[in-house]
Amino acid sequence: MEATHDVQNNLTWTVCSKWKEHPEGSVFHLANMLIFFAFMGGSGFYGMLYMFTFLSFGFFCSTIWAWSDICTTDTFSWTFVLFVVSVAQVVHISYRLRSVTFEKEFQELYNYMFKKLCVSLTHYGKIVSCCEGDIHTIEKDHYFAIEGKTAIDKLSVLLSGRIRVTVNGEFLHYIYPFQFLDSPEWDSLRPSEEGVFQVTLRADNTCKYVSWRRKKLYLLFAKHRYIAKIFALLVRNDIAEKLYSLNDKAFDSHGFRYDLRLPSFCHVPMPELEKTDAPAPVPEHTTEITPSETAP
């Protein structure tokens with residue numbers, strides 16, 4: 001009896017251990033394809049949601065395949081556990097995405113300025129919290145800043161409308177939506193310094209903007225260096241765009257365009273430059289010979 005039982009065990013193990021003559025079914029291959037595509041997701045909430053969704057389908061197919069084979073009990077157990085974990089992750093990420101919602105203006109700000117830099121919704125939520133989610137309004141012909149009077153104590157982005165920038169009553173340029181209102185002033189001061197605006201900013205129509213208080217924003221930078229780098233990039237890019245817009249409008253009295261990126265000697269009008277190309281005349285010097293010099 002014992003010999004017969006051993007023979008049956010050997011036959012069972014032989015059947016489960018030898019190579020199968022036919023490849024696995026389509027469910028097995030579908031499961032591995034879904035798992036393969038799962039790891040092609042990006043970063044951030046949407047990338048994680050993509051990855052765990054495909055993992056859930058992949059492990060579900062693996063569970064079905066393992067259930068159909070009596071020799072894969074362990075495989076069935078593991079794939080089922082991984083399927084449950086992946087589904088739990090999908091539910092968790094979906095809940096977090098649902099909880100991270102913003103007002104229309106802040107969502108547009110994210111899409112226009114921060115999304116292209118791959119800023120996650122988690123980091124953007126901290127940025128919005130820093131300004132307490134407040135949106136300010138300027139009525140037409142009201143002032144955001146007056147030169148020589150308004151203190152530089154915040155950083156602001158225009159959300160809608162148009163702002164006119166002047167200095168000593170002369171027009172410089174406009175500020176349009178999703179541009180900083182005070183990026184040059186912000187970048188010109190260190191965190192411990194204070195200053196006032198050197199230009200006047202007046203609303204051409206009803207405008208909306210968002211502001212971050214200087215001290216609170218620097219505290220946020222101290223906690224999150226990544227956010228500090230994002231703001232530094234955005235502010236300096238905004239300053240560069242403003243300089244280029246000024247460069248297109250800067251002309252001298254002769255009608256030649258100034259280049260604000262180059263030193264002042266490059267702004268000399270063309271006729272004067274042509275004069276400087278001519279060789280300078282060599283002054284003639286006459287020397288008087290005294291009798292003592294000619295004497296032998």
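**View 1. Helix 6 passes helix 8 in a right-handed crossing in this predicted model.** The two axes, of helix 6 and of helix 8 (residues 214–223), come within 10 Å. They cross at roughly 155°. Helix 6 is therefore roughly antiparallel to helix 8, since angles over 145 degrees count as such.

**View 2. Residues at the contact of helix 6 with helix 8.** Helix 6 brings Lys126, Ile127 and Cys130. Helix 8 meets them with Lys216, Leu217 and Leu220. By class, this contact of helix 6 with helix 8 has 4 nonpolar and 2 charged residues, and no polar ones.

**View 3. Buried residues of helix 6, and the residue that follows the helix.** Helix 6 spans residues 121–130. Its buried residues are Leu121, Tyr124, Gly125, Ile127, Val128 and Cys130. Of these, Ile127 and Cys130 also meet residues of helix 8. Glu132 follows helix 6 and has a positive phi, near 60°.

**View 4. An open sheet of 3 strands in the order 1-7-3.** The pairing is antiparallel. Strand 1 (136–138) and strand 3 (154–160) stand at the edges. Each has a single partner strand, so one side of each is left without a neighbour in the sheet. Neighbouring strands are turned by 35° against each other on average, direction ignored.

**View 5. Strand 1 beside strand 7, with helix 8 packed on the sheet.** Strand 1 and strand 7 (residues 207–213) run antiparallel and are joined by 3 bridges. His136 stands opposite Tyr209 in strand 7. Helix 8 packs on the sheet and touches strand 3 and strand 7. The direction of helix 8 makes about 60° with that of strand 7.

Key: Residues numbered from 1 in each chain as written. Predicted model: local features only at pLDDT ≥ 70, side-chain atom pairs only at ≥ 80, totals over all residues. Heavy atoms only, no water. Buried < 20%, exposed > 50% of the residue type's maximum accessible area, 1.4 Å probe, protein only. Helix = DSSP H or I, 4+ residues; strand = E, 2+ residues; numbered from the N terminus. Axes fitted to C-alpha atoms, helices over the stretch in contact; angles between N-to-C directions. Parallel < 35°, antiparallel > 145°, perpendicular 65-115°, else oblique. Left-handed = near helix turned anticlockwise from the far one by under 90°. Contact = heavy atoms within 4.5 Å. Nonpolar A, V, L, I, M, F, W, Y, C, P; charged D, E, K, R; others polar. Pairing = 2+ DSSP bridges.
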